[in-house]
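Please look at the sequence and the model below, and keep both in view while you read the report that follows.

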Amino acid sequence: MRLRASMLGRLLRPGLFFACVCVGIGPALADEPRLDPNVAPTFQSVELNLDAGQENYNGSVRIDLRVQKTTRDFLFHAEEMTLDSATLEGNGGPIAIDVTDAGDRGTRRATAHSDLAPGDYVLSIRFSKPYNTRAVGLYRVLHEGRGYLFTQMEALDCRKAFPCWDEPCYKIPWQTTITVPLQQEAVSNAPVEKETRGASTKTLVFKRMPPTSSYLIAIAVGPLESVAISGLSIPGRIYTVKGAKALAKHGASITPRILARLEEYFGTTYQYEKLDFIAIPEYWPGAMENPGLVTFSDKILLIDPAAASVAQKRSVAMVTTHELAHMWFGDWVTMSWWDDLWLNESFADWLAMKITHEVFPEYRLDTHELGEVNQVMMSDARPSTTTVRREVDSGADIMEDLGLAYEKGRTVLRMTEEFIGPDAFQRGVRDYLDRHKWGNAVAADLFSALSQAADKNLQPMLQSFLEQPGYPLVKVDVNANGLVTLSQRRFLNAGAKADEQVWTTPVRLKISDGKNVQTRVVVLDKTSTSVEVHGQVDWVMPDAGGVGYYRWVVPADMMMKLAENPDRTMDDRERARFLGNARALLNAGEISGDEYLALAAAFSKHPDPQIVAALIADLGSLKMPFITDDLAEPFAGYVRRTLGPARDEFGIEPRPDDIEAVKLLRPGLIMWLGDDGRDPEVRAYCKDLAKRYVEDPSSIDATIAGAVLGVAASEGTREDFLLYQQKFETSKVPADRSRYLSALGKFDDPKLQDAVLEYALSDKVRPTEMYQAVFGMFDTEAGRDKVYAWMTKNYDRITARIPPEFTAYLPYYATGCSEQRLEAARKFFAMPTHQVDGTDANLAKVSDTIGDCLNLREREGKAVAGYLRTAASAP
């Protein structure tokens, strides 16, 4: 249902939305000022002359402005373009202005020759520029010899497409007009209102959009194809490059169910006039929530249902749900500034997990997501971590620690939902959206709405987790009289130091007397508190439901009771969290390396494939600190013994009666047994299937295709390498292309590794695929050395292919467990030519990672080596 006309008219009144949210210039770098809301837009029209076959374009913008107080100048954004003319007009007619540069990132200053009194004005600018070639702003892509134009505006890249007020608080109505050659198609956020045709071009006037922030504007041009999304209450299509629309049918088939469930949750219909998707072959994000035209990486959205893996289908469902959740959280209600990016991403990610699990329970997302949570908690345990909600000065730090906004933020929201109850949480969400619809909001607005719905003050809890770095370690002690004492301190990896903090933590206790289990919720808001339990306490599991964003430790005898009979003491999610928690306790020095390996081995016989998947994820985190070359064989034996029961139970060959969870587990099982387990039977199986796949992809189960290609590549020849390369270049299916590219990085032959490093910089590999080509080499310390050396040698070539803000993340190529490589990185990135905003912060995170790894190796290396060698010699 679209908005009623009377309501829409009221909402679109100029100036209604920006005045209360852009209340000050706020924090800024000296050379990058925030825009002054004293002169702010109320409406913007954009006219573009586009041709995907050319390298340049031109256009014009007309921006209605409102001046609040008398001034002579104002700021706006226009980056990497020539302003051919700029005029300002008020009620009294034209006003002469001069436009000059005003800082980095395209900030421009317009200075009038006379005072601008309070009132309404119109700024008109004509401009021209080349298309961007780094897949940001309005950029051009060549695909199979044809030109296409796409956009990616988040975070600060709308200013690279056309002049605008490129900050999220300037949420205004827009209208776009695009002129293209007759043989090309053009789509944008809104439906077409009018089309006129000339001799060689056509002009499409798109309908006026409701209030939208600049980073959500989207455009696509070229010889596009599309399929309809049937079953929606509004028009919807999926657009693709020429020849790919058949691969869009699966996405089209699942979207109506997802949207309907989201509408049910929010209690409102989708608020925009159409819902189109577009699959893009060269695209940095996985997807982007532009209202009316959601953009996706083609390898996520375009799949062949008959040949797609379960993991691919799960990814389509989860990403689609995430982006559609943004239509409410992010688009309908938008953060005022980037310090509240978490309002968009944490919520969309939390709801995506919740709704996808409800609509597609076979994917077991409720347990699968814990692998991502464990990864972010590992990073969040380091002193260099930041906060979910933090002061953002510039584009350099908007995307810093973005994983916190996703995995940490969504886990805190789930913990909050469990604490106050799903019904109260939903009421709070609906109230928040209703109060701020078509406008902007800040964190306090959500805190207030949830607190009112729950009838309790949630601000201390939410602030303690979202505005402080790290998280607590909750320690449980039980005395002989049944008094349970909870204490907290900041969880840190062993040897790390940081200021002590206190969180307001809703600790969910499962307490057993040996026969019965009770659940208690205790709010731990100081360093310690006690809970009196009447009767005997046999064991305590302090994360009932597995929803807490904290780590926990109980006495050793209780830990063993929990582990010895996990089906009796814990549910599926709790068991998966138990393994991740145990691995974290190893990092913190709370348990020893040999104790952890014995504990992990005890879970190897568990019949739940999700538990085995969690075990595999935790095994992966052991390789870097512990498995040096001399331990490769003992570790291979440990892997075979640990995963042997799962192999016997589930098999490495697909079966007709496999449930989805087994299908999701099997690729990891094959890769671990074939690569680290060095299982000759598995390796022979992979070589045989890889050969068949190359000849005919439909001849093997797609679910395991990537795994068998990777295992086979590890012992592959130069002929195999060249064949994979040729298949990568000619593949028409994004998933096939991705599988071959990943496999190219798995060859063990040093000469072939050198070949793939050079190939990654060729025009055969898209800039967005460059990292994927070399990722397989990060599996060993020698491989990491080689990739790091390649990055430093080719620094200029790499940075020329990626968006400028991504340059700050190149220190991550030094990650691993090598002090020597870290020292080299410190010297390399200390050079002024290798420094950009954010480099030092990311290098500090890499330094913490390497320091943790080396400390863990020094502390527990002997115990782990002894355990592995003893186990290897056992009969």
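## Helices packed side by side

Helix H20 (residues 705-714) and helix H22 (734-744) pack at an angle of about 25 degrees, with their axes 8 Å apart, and they are therefore roughly parallel to each other. Angles under 35 degrees count as roughly parallel, over 145 as roughly antiparallel, 65 to 115 as roughly perpendicular, and the rest as oblique. The axes are lines fitted to C-alpha atoms, for helices over the stretch in contact, and angles run from 0 to 180 degrees between N-to-C directions. H20 passes H22 in a right-handed crossing; a crossing is called left-handed if the near helix is turned anticlockwise from the far one by less than a right angle, and right-handed if clockwise. The model is a predicted one, in which local features need pLDDT of at least 70 and side-chain atom pairs count only at pLDDT 80 or more, while totals for chains, interfaces and linings use all residues. Residues are numbered from 1 along each chain as its sequence is written, and side-chain values use heavy atoms, with hydrogens and water left out.

Two further helix pairs can be described in the same terms. Helix H17 (residues 632-650) and helix H18 (residues 660-676) have axes 10 Å apart and an angle of about 150 degrees, so H17 and H18 are roughly antiparallel to each other, and their crossing is left-handed. Helix H10 (residues 443-454) and helix H11 (residues 459-466) have axes that come within 9 Å and cross at roughly 140 degrees, which means that H10 and H11 are oblique to each other; the crossing of H10 and H11 is right-handed. Helices (H or I, at least four residues) and strands (E, at least two) are DSSP runs, numbered from the N terminus.

Strand E24 (residues 483-490) and E27 run antiparallel and are joined by 5 bridges, and Ser 487 stands opposite Ser 528 in E27.

Strand E25 (residues 505-512) and strand E26 (residues 517-524) pair in the antiparallel sense over 8 bridges, with Lys 510 opposite Thr 519 in E26. The hairpin of E25 and E26 has 4 residues between the strands, and Gly 514 takes a positive phi there, near 105 degrees.

## Backbone exceptions

Most residues other than glycine have a negative phi, and most peptide bonds are trans. Ala 135, although not a glycine, has a positive phi of about 65 degrees, and Ala 135 lies in the loop between strand E8 (119-130) and E9. The peptide bond from Glu 154 to Ala 155 is cis, with omega near 10 degrees, and Ala 155 is found in the loop between strand E10 (146-152) and E11.

## The second largest pocket

About 900 Å³ of space lies in the second largest pocket. On a 1 Å grid over the protein atoms alone, a pocket is an open set of points where a 1.4 Å probe fits, with protein on both sides within 12 Å along at least five of seven lines, and lining residues have an atom within 4 Å of a point. Grid points are joined across faces, edges and corners, and a volume is the space filled by probe spheres set on the points.

This pocket is lined by 33 residues, of which Val 141, Leu 142, His 143, Glu 144 and Arg 766 lie nearest its centre. Strand E9 (137-143), helix H21 (718-730) and helix H22 (734-744) each supply at least two residues of the lining, and the largest share, 4 residues, comes from E9. The lining divides into 13 nonpolar, 7 polar and 13 charged residues, where Ala, Val, Leu, Ile, Met, Phe, Trp, Tyr, Cys and Pro count as nonpolar, Asp, Glu, Lys and Arg as charged, and the others, Gly among them, as polar.

Methods: Two strands pair if DSSP finds at least two bridges between them.
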